Amino acid sequence: MASKSDFAYAEQRRDTDHESFLSHKRMRWLKVSVAICLIVIVSYFLVDVEPRHNGGTWYGYTLGTIGAGLIIWLSILGIRKRNISEGRWSLKAWTSAHVYLGLALIVIGTMHTGFQLGWNVHTLAWALMMLVIISGIYGISVYAALPRALSTNKREMTRAQMVEALAAIDRQLETAAQPLDRKESDAVIAALDQDVFRAGFLARLTGKYPRCATKRALRAFPDGSINKAEEKVSSLLNRRTSQLGQIRRHMRYKALLEVWLFIHIPATIALIAALIAHIVSVFYYW
Amino acid sequence: MPDKYRVAIVGSGPAGLSAAAHAAAQGLSHILIEKTDHLSDTIFKYQKGKHVMATPSNLVLRSDLDFDAGKREFILDTWDRQIEEHKVNVRLNAEVTAITGETGNFTIEMKGGDTIQAEAVVMAIGTQGNPNKLRTPGADMPHIQYQLDDPGEYFDEHITVVGSGDAGIENALGLAADPKQNNTVSILNRRAEFARAKAANVALLEEAERDGRINVCRETNPLEVREKEIVLETRDGQVTIPCDRIIARTGSQPPRGFVEGCGIEFTSEERSAFPKLTPSFETTKNGIHVIGALAGYPLIKHCMNQGYDVIEFLMGNDELKPADEPILAEKFAALPGNRSVDEWLEVFRNNIVILRELSPLQMRELMLDSDVAAFDEGDVIFVRNDPGSSMFAIAEGSVLVEVNPDDPSVTVPIGEGSIFGEVGLISGRRRGSTIRAAETTVTMELSRNAALKLLATAPSANRAVNRITIERQLLQMFGSGLTPDDVSELVEAAELVQVPAGKNVIDEGADDKDIFVIQQGSMIVEKNIGGNPIFLSYLPAGSYFGEMAVIDGSKRTATVKAAIKSEVVRFPGDAFMRLLDRNPKLRERALTDMASRRKVNAFVEERKESFSSAVDMYSSTAKFLVDNGLGEATDVLLIDESLCVGCDNCEKACADSHEGLSRLDREAGRTYAHLHVPTSCRHCEHPHCMADCPPNAIKRGPDGEVFIDETCIGCGNCQRNCPYGVIRMDPKPPKKPSLLSWLFFGAGPGPGEASYDWRKKTAEKKGLEQAKLAIKCDMCAGIDGGPACVRACPTGAAIRVAPEKFLTFTKLAEDVD
């Protein structure tokens with residue numbers, strides 16, 4: 001490494017590649033992982049072990065050791081992400097390797113089993129591994145698909161600004177609703193009283209809020225037969241609906257981007273526990 | 001009344017009063033002539049209740065009159081009383097119209113025909129007589145005034161004060177002092193800093209700005225005065241504000257015509273030059289002495305000392321040394337050669353180009369704020385990457401610049417009389433190269449503030465520094481092989497042009513043939529294709545443009561306009577052509593540069609046919625980025641929102657690498673085409689935050705980062721001056737428990753910036769100091785691996801870029817998925 005005063009080094013520090021974790025360094029980790037998979041598949045059919053392929057042969061042990069090592073390394077991403085130490089590491093490179101090597105585990109792990117699956121702790125470990133990988137695949141797909149939608153929906157507003165915009169509409173609604181009669185006021189009050197951030201798991205993921213009091217309140221102001229005050233409230237309710245829509249879409253995208261972690265991480269911890277049980281039992285009952 | 005006085009003192013300001021008082025005390029026959037009906041008109045015209053300062057504080061007062069900082073009324077009363085006590089012979093209401101005769105026999109003519117005979121004349125008429133007038137269209141309108149007697153007279157008005165000196169600041173403060181007057185007061189400063197004003201006044205002004213009492217417009221010029229409004233030129237374009245009254249306090253000029261009419265020569269033709277003076281204040285007209293502001297020194301204490309001194313000189317006391325003599329003697333004691341203070345002052349003034357037109361008095365003032373040092377051959381003056389914002393001048397000897405950091409033997413000499421280190425002064429960068437003394441060398445080191453004051457008050461120094469900067473920039477730009485002689489023709493013909501944001505420097509299709517170098521700011525190049533301006537490229541400071549039309553004689557092929565308020569140097573094309581003719585290597589290089597620019601033009605034009613949407617996208621994205629301050633950035637954090645999942649790991653990483661506070665706000669900021677400019681420092685080329693830092697704590701590091709060092713006093717100036725809102729004021733938070741103890745035992749607030757509550761409570765519990773200090777991005781200087789925000793981004797959305805590299809077609813039109 002050049003000295004810190006070296007201008008070229010300073011330039012290098014500054015100019016980071018503008019490419020996604022999936023295409024990091026021209027798909028370096030995809031290439032590595034495809035190569036690993038090819039080697040494993042080809043050798044699986046070339047290597048002739050007696051009586052047949054299973055985890056207990058020298059070939060099976062080799063794959064098992066590689067697989068267990070990979071699982072431990074892959075799980076360390078969670079610590080790497082939070083430990084901002086010095087050094088020339090890049091979390092993007094780690095994520096890229098994590099994704100492609102994690103996918104290679106499907107081949108490594110499955111070939112390790114020799115397709116001998118059953119109702120035991122060994123297959124539990126395999127099943128948990130597959131659960132982690134499948135949730136991870138979901139993760140990759142939302143990471144690839146949703147950021148644009150998240151960004152478009154934000155319209156340059158921060159979360160705090162969205163909430164503030166809603167509060168501003170609410171203040172106007174409260175004033176505008178003063179001249180209304182009982183029934184209409186009640187509808188507006190119900191809309192204002194509803195805690196818009198208290199939403200169920202499903203509502204948050206689907207973005208559908210069937211019990212939305214604002215939408216219900218709008219029904220109290222049908223088009224046509226309304227006076228000036230009602231018209232103002234109605235248009236404010238419409239603005240509130242669209243502001244709520246933005247907030248709810250934002251919450252939905254964020255939920256979709258994060259929900260898989262609630263499976264991915266606990267399943268990883270369970271996988272490590274099952275893996276320890278699997279390894280201990282294999283050697284205990286040698 | 002005697003037939004002939006020994007001395008006639010014209011003007012009863014602090015200088016004249018002090019001279020008259022000393023003359024009276026010494027029993028010298030004298031007369032003090034004052035144009036108005038009261039003494040000391042300048043101070044009399046100060047606002048009522050104005051606090052008069054007594055700077056410089058390290059200067060002793062030598063006068064028969066008392067003076068200390070205090071209210072205007074108290075000072076005037078003291079002087080009136082003491083003048084009476086001393087039985088000074090005063091003649092009021094007498095305006096001098098001419099002084100004729102020779103030493104020992106002067107005739108002073110006055111309005112109304114009276115004359116006075118005197119053997120010697122002391123002119124202490126100050127400079128207040130001729131205030132500088134506004135020169136904008138509408139400057140003759142009646143609501144412009146050049147003086148403010150009583151700020152309490154004005155109510156419910158929009159008042160604009162023009163001028164960044166003490167008078168302007170004090171007027172603005174006075175007008176805004178009482179909220180009941182309900183005035184909306186704005187003050188205009190055409191620079192970013194108030195270099196000419198006293199520090200205490202600047203502090204008061206900033207306090208008023210903080211409280212919202214005064215609207216302080218920096219880097220702003222008046223453009224046109226209209227009925228009820230004024231058009232301003234600001235850093236970001238034109239603005240019109242309501243304005244019922246304009247108070248112009250843009251300084252004053254010596255009443256030169258009258259003074260020259262008396263046979264007195266000035267140091268130069270410059271509008272702001274001062275009379276040539278001997279150390280005993282005698283002018284080129286023997287027997288006439290000039291002291292005070294007219295002599296080039298406007299501070300009261302100095303004026304009073306000079307009044308005393310001039311009488312001593314007239315009485316034959318040649319041994320008298322000015323009051324600042326001991327301070328300077330101490331400074332010069334370390335220098336070799338055993339010269340007297342006056343001799344040294346002359347050496348510095350005569351040898352150093354930028355000081356040549358200063359009067360001995362200005363030299364003394366400047367010297368008080370500067371350091372001098374002597375070096376032996378080979379001694380290092382400063383080392384590359386040293387922090388330092390001062391400017392050096394070589395009084396004797398010469399120095400060598402180590403231009404190649406890897407090979408100290410490659411050097412470029414800088415000779416006697418020249419300056420070095422001037423870059424630190426302008427942009428606050430660290431020292432670019434190591435500088436050694438080539439022989440026994442005597443240098444003068446001007447502190448950043450003293451140097452800025454010199455440039456602001458002495459146009460000749462400003463021109464000299466500009467000339468040297470232009471010459472060095474040319475040599476640096478066109479690479480090795482050129483000597484100062486090669487470029488001297490260009491330097492001679494160079495003209496510095498200020499360009500407001502958005503103004504065209506070159507128009508597409510035009511026929512002019514000049515070449516430009518960007519000295520400050522940046523430019524964007526646009527081409528009109530199908531009626532739309534298409535962004536071609538971005539030119540940072542230090543680039544040159546306009547050479548195509550010169551070399552091949554064609555019309556301008558593209559429009560070049562200022563991205564932000566900029567300064568360009570204009571060179572005539574034919575001089576440039578002659579330079580190319582003499583230097584085939586340079587011609588080759590210019591042709592290569594030109595070819596690559598041609599290629600970009602052709603490429604975009606060609607693409608316009610086939611991928612017009614990609615070109616539009618590129619063009620509008622580039623414009624968006626320039627609009628968001630990339631035009632003055634050197635390094636900026638961008639977030640590609642087509643990759644950002646909103647995990648905020650960048651902010652957490654920032655906080656965890658810097659004492660627990662994040663210096664960036666990912667969510668805030670503008671977005672265009674999924675390209676987001678978060679609230680985070682761009683490390684401006686000319687940082688606004690550096691403009692007014694009292695402890696000079698904001699510096700630029702070796703990698704170009706602008707950072708705040710530990711001398712920050714928490715005043716908040718930088719936060720207010722930053723147009724991008726990237727500086728926050730917060731106390732240093734307490735240390736968090738380690739990551740693993742959080743991970744396994746839930747100790748502490750976890751990764752990232754702790755909540756305000758946690759920080760406050762924990763700090764209170766631990767009894768930590770809670771002083772707010774300014775914090776901003778330092779580009780993770782000193783952290784191996786580089787900026788944590790980028791390293792910690794899991795998807796590759798966060799990137800740091802240099803604008804000139806990013807604002808290119810390939811970068812902006814590429815698809816990252």
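Residues are numbered from 1 along each chain as its sequence is written, and chains are lettered from A in the order in which they are written. In this predicted model local features need pLDDT of at least 70 and side-chain atom pairs count only at pLDDT 80 or more, while totals for chains, interfaces and linings use all residues; side-chain values use heavy atoms, with hydrogens and water left out.

**First stop: a sheet in chain B**

Select β20, β27, β22 and β25 of chain B, which form an open four-stranded sheet in that order with antiparallel pairing. Strands here are DSSP runs of E of at least two residues, helices are runs of H or I of at least four, and both are numbered from the N terminus. Two strands are paired if DSSP finds at least two bridges between them. The edges are β20 (370–375) and β25 (419–420) of chain B, each of which pairs on one side only.

Next, display β22 (residues 391–396) of chain B with β25(B): two bridges join them in the antiparallel sense. B:A393 has B:I419 of β25(B) as its bridge partner.

Contact means heavy atoms within 4.5 Å. Angles run from 0 to 180 degrees between N-to-C directions, with axes fitted to C-alpha atoms, for helices over the stretch in contact.

**Second stop: another sheet in chain B**

Select β37, β38, β36 and β43 of chain B, an open sheet of four strands in that order, again with antiparallel pairing. Because β37 (665–672) and β43 (798–801) of chain B stand at the edges with a single partner strand each, one side of each has no neighbour in the sheet. Neighbouring strands of this sheet are turned by 40° against each other on average, direction ignored.

Within this sheet, β36 (residues 636–640) of chain B pairs with β43(B) over four antiparallel bridges. Centre the view on B:L638, which stands opposite B:I799 in β43(B).

Show both chains and select the residues in contact: 57 come from chain B and 42 from chain A. The size of an interface is often given as the accessible area lost when the parts come together. Between chain B and chain A about 4300 Å² is buried (accessible area, 1.4 Å probe, lost on being put together and summed over both), and carbon and sulfur atoms give 48% of this area.

Polar contacts link 18 residue pairs between the chains, both residues being at pLDDT 80 or more. Such a contact is a pair of N or O atoms within 3.5 Å; within protein, one must be able to donate a hydrogen and the other to accept it, and residues adjacent in sequence count only if both atoms are side-chain atoms. On chain B, α19 (649–657), β37, α21 (739–745), α23 (788–791), β43 and α24 (803–806) each supply at least two residues of the side that touches chain A. The largest share of that side, six residues, comes from β37(B).

Four salt bridges (a side-chain nitrogen of Lys or Arg within 4 Å of a carboxyl oxygen of Asp or Glu) are counted between chain B and chain A. Zoom in on B:D648 and A:R159, one salt-bridged pair, whose closest N and O atoms are 3.3 Å apart. B:D648 lies in the loop between β36 and α19 of chain B and A:R159 in helix α7 (residues 159–176) of chain A, so the pair joins two chains.

**Last stop: backbone details**

In chain A, go to the peptide bond from A:E50 to A:P51, which is cis with omega near -10°. A:P51 is placed in the loop between α2 (24–46) and α3 (58–75) of chain A.

Return to chain B for B:E219, which is not a glycine but has a positive phi of about 50°. B:E219 lies in the loop between β13 (214–217) and β14 (221–226) of chain B.

Conventions: Buried area is the accessible area (1.4 Å probe) that two parts lose on being put together, summed over both.
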